[in-house]
Amino acid sequence: MNRFLQAIKDNVLVLDGAMGTMLQARGLKAGGCPEQMNLEAPEVVAGVHREYAEAGAQILVSNTFGGTRSKLEHYGLQDRVHEINVRGVELVRQSLKNPHSDFVAGSIGPTGRFVEPVGDAGFDEMVEIFAEQVRALVDGGADILTCETFLDIRELKAAIVACRENSDLPVMAMMTFDDGGRTVLGTSPASAAVTLDGLQVDVIGTNCGLGIEGVYELLEQMRAVSSLPLIAQANAGLPILRDGETIFPASPIEMTSHHDKLIEIGVRVLGGCCGTTPQHIHVMRQALDVRDQSWTPPAKCCFLSSRSEVVAIGIDQPCAIIGERINPTGKKGYSAELREGKTAYIRREAQQQTAVGATLLDVNCGAPGADEPLALERAVYAINGVSTSPLVLDSSDPVALERGLKAADGKVLINSVNGEEKSLTAVLPLAKKYGAAIIGLALDGQGIPETAAGRVAIAERIIERALAIGICRSDIVIDCLALTVSAEQDQALQTLQAIRTLSQDHGMATVLGVSNISFGLPRRPLLSATFFAMALNAGLSAAIINPKDQAMMDAFRASMVLMGKDLRSERYIEAYADVVPSTPVEAAGATSTDAPATIRERLATAIINGDKDGVVALVEQALTEGLEILQISNEGLLAGLEEVGRRFGDNRIFLPQVLLSAETMKTAFTRLKQEMQGNEMVSLGKIMMATVEGDIHDIGKNIVCTLLENHGFEVIDLGKNVSAGRIVEQALATGVDAVGLSALMTTTLQQMQITIDALREAGVKVFTMVGGAVVTQDYADEIGADLYAEDALEAVAKIKQLLEKG
C-alpha cells in the first residue's frame, strides 16, 4: 500500500494552515503573486513551511495553489509553470521535520474559470491546463496531490482526470461550500462526495468558507454517501473587521472542539485554512495525540449524482425509476430535433418525467442522421439546465459516451456494456476514467441465454472484468433482460430467476427495461405492471419505464409499501392522499409542465426553463399578436426572470439554471432590439462593477453584471484587480448611479473600505454595494457600504430597491 494511504489508515495526520496571509505578513504585496515568491523569495516561503513543520504538521502543502497557467497569466508568468511548481515542491521537501514519515502535498487550485456551458472553458482544455501543473508537481517530487477550494464540480473533475492521467500519486479533493451548504454553482456536499467517490480519489472533504462547526456538518453529509477517508480544513472562524484589519476570531483551542466528532465520522487528515497559524496547528496536533484515532470505513454503496441531487441504487434501497422517454425509437419529432440540433423535446420530457416520479433519466440520442456525440453532449447540457435528476447515458458509441461523460455534472450510469470483448474493451475504461457506474447486459456474442444460469454466468464475466479494471462492485448493475412473452412466454420466469439469483446470492444490484415484456399483446399496461411487481419482489433495484404510465407507477408505489421500502408509507401517501382516481391517459397528460395559456405566460416559462431554442419564436408570436415591446419585456420576459429569482432564493434552482435563464433572456432581447429602430430601451440605472485591487477573481462579479443587464441596467465593467483611484476616476467620468465592489480573498477585503473612503473623499455621490465569498453584512455595515448582497440575484433586487428609493 502507498505510504500515505497506510499512514491515514493507521492515524489522523495533521496538515498545515493558511499560506497567503502568512506570506502577506512577510512582505507579499496586495495583488502580488504568491507563487512568484517560490522563485524570488524562496527563503520566506521555506520559512513559513518550517514554522508549520515545527508546530507539528505532518503534511506540508506547496505554495502552488495558483500555479496553473490560467492563474499565472495574470502576472505574465504563464511560461514559468514548470519552474514555479517544481520549486514550490522543493521548498516543502527541504522544510520537512521528519523526511521519512512526513509528506509533501502539491497544491492545485481552481483556474478562476468555469467549464462550459456555465463558463467558457472546454473540459479537455481544463484537463490539459491541470495536467501541465500536475506533471511539474510530480517532477518536483510531491508525495500527494491536493485539489482544494474548488467551486465547480466539473472543473474539479477535470483536475482529477489530469491527476490520474499524469501520476500515480494519492489525490485529495476538496470543495468550498457556503453557509447554506452549497457551492456557488449549487453542488451539495453529498453530490460532491458521490461524484468524487466515483472518480476514486483517495480523500475527500472541504476547505475554506466555514469554521470548524460548519465544516463538521458538511462532512457529516459526505459521510452519509461515501466510505472514503475525509479531510477537514476549516477557517479559524468567520472573518470580522477589527481596526481596519480582517481577523479570524477562532482560537487554537476552539479549533479542537470537534476533534472527537471528526475522528468518529472518518476524518483522517485535519488541517486549517484562512486565519489558521502555526499556533493553531500546534494545538490541534497536541489535542489529536491524546485521542484514540481508530476508524473503520463503512460498507460501500452505489450512489449516482447530478450537480445537486443524489440517488441510491442497491438491493436494500427503494427501486430507482429510470425515465425512458428521451429515446428516438418510434419518435419522429424527437429524431428530427436531434438532426436539427434542438433540445425542446429533451427539456420537456426531462421536466415531465421528473415531475411524475422518475429519479433518474435515461438519455439516448442515437437517431439516424444525427451527430450522436454532439447531440448527447447537447442533451446533457439541456437536462442539467432544467432537472436535478442524475443521468443514465444510453449509447453503444464510445465516442458519444465519452462526450456525454465529460459534459455530465455528476456521477452517471452508463447504459450499457455487455459480455462481448469489443464492448468490454471500449466501455469499461471510460467508466473508470470518468467515475461512472455501469449497466451490464446479460448477453454476449451468442445472444441472450435462454436460462437464468446462462445470464448469471455472463453477468459474472462482466463483473470480473469490471473489478479487474478498478470499477467498484457496488457500481455494477446487471440487466437480466426482459423478453416479450408474446413470443417467448417461458422467458419471463427465467428473467425473474436471474434477478433473484444475482440479488440474493451475489448481492448485486439489477435493472430491467420492464415494458419490453408486454410488446405485441393487448392491454400492455396491465401485463407490464404485473410483471413489474413480480420483478420488484424478486429483488429488482432499478427499472427503466415510462413514469407517465399510471399503472406502472401504481405498481411501483404499492410494492415499495408492501416490501417495507417506503418508510411509514410516506411516498405513497404523498402521491395519492389528494388524488382523484383517473384513467391512465388522463394521468399521463396531467403534468405540472403543461403549456401556459397566454403568450405572456409562455414567454415567462421560456425564461424560467432556459428555452434558448424556443424563446425567439415566442417573441415573434407576441409581436404578431400586437404586444408592445415593453409589454413583452416587462410582462413576459422579466416576469419569468423574477420567478427565477424566487426559485433561486428558495434553493429550488441553482446558479447554472440562473445563467441559462439569463442567456435565454439575452437571446430574447437581441430579437426585441431589432424592433426598436435604433431607440434603446430606458435604462433602470447605470452601474459600475469592479473586483478590488489585489484580487484577480471575477466570476461572481461577471454573473452580477450579466443579471443586471438582463434586468434593464446599463453596466460598466472595469474588470478585476482595479485600483481605488481608477474606480473614482471612472465613476466621475461616467456619472454612474452605483458602484459595485467584489472580493473573493480575505487579503483584499481591506481594499473595499479604501475604495469606498476614496469615493467619499472625492465627492462622488453614488450608492455603493459590496459582495463576494469573504464579505458579510457586518463587514458591509462597518465600512459604510449602502448595501450587501450574498448572491447575484440578491444584488439585483437590492439595487433596484435602492435606486427606486434614491
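**View 1. Arg347 and Asp611 meet in a salt bridge.** Arg347 counts as buried, at 6% relative accessibility. Buried means under 20% relative accessible area, exposed means over 50%, and partly exposed lies in between (1.4 Å probe, protein chains only). Asp611 is buried too, with a relative accessible area of 16%. The N to O distance of the pair is 2.4 Å. A salt bridge here is a side-chain nitrogen of Lys or Arg within 4 Å of a carboxyl oxygen of Asp or Glu. Arg347 lies in helix α14 (residues 344-355) and Asp611 in the loop between α24 (599-609) and α25 (612-624), so the pair ties together parts that are 264 residues apart in sequence. Helices (H or I, at least four residues) and strands (E, at least two) are DSSP runs, numbered from the N terminus.

The model is predicted: local features need pLDDT of at least 70, side-chain atom pairs count only at pLDDT 80 or more, and totals for chains, interfaces and linings use all residues. Residues are numbered from 1 along each chain as its sequence is written, and side-chain values use heavy atoms, with hydrogens and water left out.

**View 2. Arg93 forms a salt bridge with Asp143.** Their closest N and O atoms are 3.1 Å apart. The pair links distant parts of the chain, 50 residues apart. Arg93 is in helix α6 (residues 81-93), and Asp143 is in the loop between α7 (123-140) and β4 (144-150). Arg93 is partly exposed, at 29% relative accessible area. Asp143 is buried, at 17%.

**View 3. Glu675 pairs with Arg671 in a salt bridge.** The closest N and O atoms are 2.8 Å apart. Glu675 is partly exposed, with a relative accessible area of 34%. Arg671 is buried, at 11%.

**View 4. Salt bridges link Glu643, Arg646, Arg647, Asp650 and Arg652 in a network.** By the rule used here, the count of salt bridges comes to 37.

**View 5. Helix α21 spans residues 550-562.** This helix has 13 residues. From first C-alpha to last, α21 reaches 18 Å, close to the 18 Å expected at 1.5 Å a residue. The expected span is 1.5 Å times one less than the number of residues. Buried residues of α21 are Met552, Met553, Ala555, Phe556, Arg557, Ser559 and Met560. Their cover includes β13 (320-326), α20 (524-538), β20 (542-545) and α22 (570-576). At the start of α21, a side-chain oxygen of Asp549 reaches to within 3.1 Å of the backbone nitrogen of Ala551. Gly564 follows α21, with a positive phi near 75°.

Conventions
Contact = heavy atoms within 4.5 Å. Polar contact = N/O pair within 3.5 Å; in protein donor to acceptor, adjacent residues only side chain to side chain.
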